[in-house]
Amino acid sequence: MGAVVALSGLLDARQVWRGAAAPMPAGAQPTGWPELDAALPAGGWPEASLSEILLPADGVGELRLLLPTLARLSRAARPVMVVAPPYAPCVAGWRQHGVDMRRVEIVAAPQNEVLWATEQCLRSGSCAAVLAWPRQADDRALRRLQVAADSGRALAFVLRDRHCLANASPAALRLEIEALPQPRAWVRKCRGGVAPARPFPLESAPADRAPH
Amino acid sequence: MTWACILLPQLALDGVLRRRDDDGPLVLIDGPVNARVIVALNASARAAGLRVGQRLVAARALLAQFEMLPHDAAMVGRWQRFLAAVAYRYSSTVGLLPHAIVLEVGHSLGLFGPWPRLEAMLREEFAALGFRHRIALAPTPQAAWVLAGLQDGAAVPELARLRPALQDVPMRKSRLPAVAVERLAGMGIHTLGQLFRLPRDGLRRRFGCELQEALERLLGERPPGLDSYLPPDRFDLSIELSHEVENVASLVFPLRRMTGDLAAYLAGRDGGVQRFVLRLEHREGRVTEVRVGLLAPQRDAGMLFETARGRLEQVQLPEPVLGLRLLARDLPAFVPAGRDLFDETPLHALPLDQLRERLRARLGEQAVHRLVATTDPRPERAQAVADTDAGHDEPHPRPTWLLPQPIPLRGPSPRILAGPERLETGWWDGAEACRDYYVVETSLGQRAWAFCPTGEQGGWMLQGWFA
């Protein structure tokens with residue numbers, strides 16, 4: 001017979017898995033979309049990781065999804081980098097979403113420098129979030145960004161076309177945005193959990209509704 | 001008064017060695033063409049048996065291959081003044097003596113701590129710049145100079161102990177006028193102690209005022225009589241490369257030294273630099289200029305180097321480079337960035353300013369910018385690259401993406417969600433706009449901000465996306 005082991009000791013040492021999932025702590029990086037937060041294993045964006053957002057076209061709700069996060073970070077005086085956006089961010093529109101534009105740096109980079117610039121921003125450790133629109137990015141390039149986001153403790157968002165969904169990706173979270181019949185987001189992959197099987201509606205934020 | 005002396009025994013050689021990264025035998029030569037003599041040499045040349053004062057012919061017989069450079073007295077003077085500018089950081093009274101820099105440190109000790117600590121700082125600074133040095137402390141600059149030549153690290157802070165300390169100094173190391181020293185040796189005077197015991201008026205009659213004054217300065221009975229050094233208002237450093245350089249990568253090593261020197265100079269001046277020019281000198285006086293601009297005055301060596309390297313790497317060399325020159329005319333005051341006591345950014349984080357400089361260096365001057373709202377309602381002019389925000393909160397819906405120029409909206413007629421919002425302005429500056437803006441939904445489900453001529457609902461022009 002082996003020595004008698006006190007069960008409580010093992011449990012305290014967290015060496016025994018008890019089946020019931022521990023209550024999820026509130027995420028440190030909430031997305032601003034309560035339904036999405038509840039479904040994601042980290043309770044929000046995966047911290048210091050790469051999140052991939054896949055779009056059918058530009059301008060279908062990707063900013064609606066991200067602006068609550070950018071507003072929260074910029075209001076906390078944390079810098080946000082926007083690398084090679086497809087259009088100019090509209091200052092008035094972003095401000096209506098609560099973003100402090102003094103904290104938003106726009107980096108105009110040619111396509112062959114987008115990944116380099118994104119990696120520099122992520123690795124620097126001085127940016128809270130980095131948004132990037134790379135045209136060509138293979139899984140090795142994305143892995144570099146993932147490592148850079150981890151070492152710089154930053155949120156990385158890569159916005160790519162929907163056809164990239166077929167390729168494997170090292171991103172911790174992959175979201176696909178659908179424009180029709182109504183704007184909604186599907187979680188296609190989330191590290192540390194099972195991707196929920198239903199989409200999340202991206203209802204227009206209050207500012208989009210016409211006041212008149 | 002307490003004076004520190006930094007003796008630079010190998011100034012000429014160090015000035016040459018510090019911009020080279022190989023340590024093959026190297027000698028500096030001087031003298032008439034038919035009688036060249038070695039005046040300085042590096043360690044590997046010494047190991048091969050070469051000596052200072054040797055004839056070049058004899059050296060060639062001893063060692064088949066070594067590199068030789070002419071001894072450049074003007075260059076030595078420049079290095080000495082540069083180091084004086086570096087030392088200016090530690091004292092406001094800096095003087096130049098042959099092969100040495102003296103600085104009054106009595107008043108600096110209150111700021112920098114006791115002498116051993118200040119001495120360690122000086123040694124670290126000079127060692128980092130690549131100059132061998134000997135440091136001594138004494139109540140007069142001339143005595144410090146003598147002591148530095150005699151013993152590295154000697155410190156005699158009190159005037160009362162100066163005479164006993166100088167007692168045993170041999171006359172040939174006393175740095176008194178050479179003529180007098182030679183004649184005194186003939187008279188059997190070999191140490192300073194013997195000289196001190198001689199009656200002063202007799203000395204003056206025999207050797208003139210010169211020796212008398214030098215002696216009084218040495219002992220602190222007369223003001224030191226040094227011209228106080230003032231750092232110049234511009235930084236100009238040039239180095240000649242020992243061979244023609246054809247690719248930019250080989251310029252990085254000398255560039256690191258130059259930006260390091262610039263940083264040391266700026267620290268001495270307690271200033272920063274916002275713009276400087278790097279001149280790549282080619283044959284026959286042709287130059288390629290590389291302009292380096294920074295967002296704010298900086299003086300950190302690593303940052304200056306990285307910014308300059310970023311600019312340099314973009315340069316296509318039209319022909320080989322023979323020399324490098326760094327010119328900084330605009331040296332504004334430097335305000336160090338304030339930091340949060342409870343800084344949440346990770347350790348070893350690159351400051352945001354430095355990140356912006358790095359991106360600008362590679363992507364272009366205008367690559368990193370912030371957008372602010374202006375007071376103009378026309379969407380094309382409603383925002384600009386600037387630092388101060390003049391805008392107000394827009395009550396009407398505005399998109400999140402803005403097209404630089406409106407383009408025709410293709411496809412079937414869109415569904416109107418909101419509008420119109422009439423914009424009629426700009427008749428005074430030639431860019432008149434009379435438009436009705438609508439929020440519309442395209443057949444692909446994108447929500448767009450589009451306009452059409454007033455009173456119509458057709459001919460849609462796309463202005464932005466509600467992404």
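Predicted model: local features only at pLDDT ≥ 70, side-chain atom pairs only at ≥ 80, totals over all residues.
Local features are taken where pLDDT is at least 70 and side-chain atom pairs where it is 80 or more, while totals for chains, interfaces and linings use all residues. Residues are numbered from 1 along each chain as its sequence is written, with chains lettered from A and ligands numbered from 1 in the order in which they are written.

**Exercise 1. Chain B in outline**

Task: Find how many helices and strands chain B has, and what percentage of its residues count as buried.

Solution: Start with the DSSP runs, numbered from the N terminus (helices are H or I, at least four residues; strands are E, at least two). Chain B has 15 helices and 19 strands. Next comes burial: a residue is buried if 20 or more other C-beta atoms lie within 10 Å of its own, exposed if 12 or fewer, and partly exposed in between, with C-beta atoms placed from the backbone. By that rule, 34% of the 467 residues of chain B are buried. Finally, look at contacts (C-beta atoms, placed from the backbone, within 7 Å). Among those in chain B that join residues at least 6 apart in sequence, 57% link residues at least 24 apart.

**Exercise 2. The nonpolar cores**

Task: Work out which residues of the largest nonpolar core touch the most other members.

Solution: A nonpolar core is a set of buried Ala, Val, Leu, Ile, Met, Phe, Trp, Tyr and Cys residues joined through C-beta atoms within 7 Å. The largest one holds 90 residues, and those touching the most other members are Val83(A), Val107(A), Ala129(A), Val130(A), Ala154(A) and Ala156(A). Helix 3 (residues 62-75) of chain A contributes the largest share of this core, 6 residues. A second, separate core has 85 residues, among them Ala148(B), Leu211(B), Tyr265(B) and Leu331(B). Now zoom in on Val107(A): leaving out residues up to four places away in sequence, Val107(A) touches Met81(A), Val82(A), Val83(A), Ala84(A) and Ala117(A), together with Leu359(B), Ala367(B) and Val368(B).

**Exercise 3. Helix 3 of chain A**

Task: Check the span of helix 3 of chain A, then find where this helix bends.

Solution: The expected span is 1.5 Å times one less than the number of residues. For the 14 residues of helix 3 of chain A that should give 20 Å, and the end C-alpha atoms are 20 Å apart, which agrees. The bend is the angle between axes fitted to the seven residues ending at a residue and the seven starting there; in helix 3 of chain A the bend is about 30° at Pro68(A). As for burial, 10 of the 14 residues are buried, so helix 3 of chain A is largely enclosed by the rest of the structure. The buried residues include Glu62(A), Arg64(A), Leu67(A) and Ser74(A). After the helix comes Ala77(A), with a positive phi near 60°.

**Exercise 4. Where the chains meet**

Task: Say which element of chain B gives the most to the side that touches chain A.

Solution: Begin with the totals: 45 residues from chain B and 44 residues from chain A take part in the contact. On the chain B side, helix 15 (352-363), strand 12 (368-369), strand 13 (371-373), strand 15 and strand 19 each supply at least two residues. Helix 15 of chain B gives the most, with 7 residues.

**Exercise 5. A sheet with strands from both chains**

Task: Trace the order of the open sheet of 6 strands and explain which strands stand at the edges.

Solution: Strands pair if DSSP finds at least two bridges between them. The order is 3(A)-15(B)-19(B)-18(B)-17(B)-16(B), with antiparallel pairing. Strand 3 (88-89) of chain A and strand 16 (415-425) of chain B stand at the edges, each with a single partner strand, so one side of each is left without a neighbour in the sheet. Between the chains, strand 3 of chain A and strand 15 of chain B are joined by 2 bridges, and Pro89(A) has Trp401(B) as its bridge partner. Further along, strand 15 (residues 401-408) of chain B pairs with strand 19 (residues 461-465) of chain B over 4 bridges, where Ile407(B) stands opposite Leu462(B).

Terms used:
Contact = placed C-beta atoms within 7 Å.
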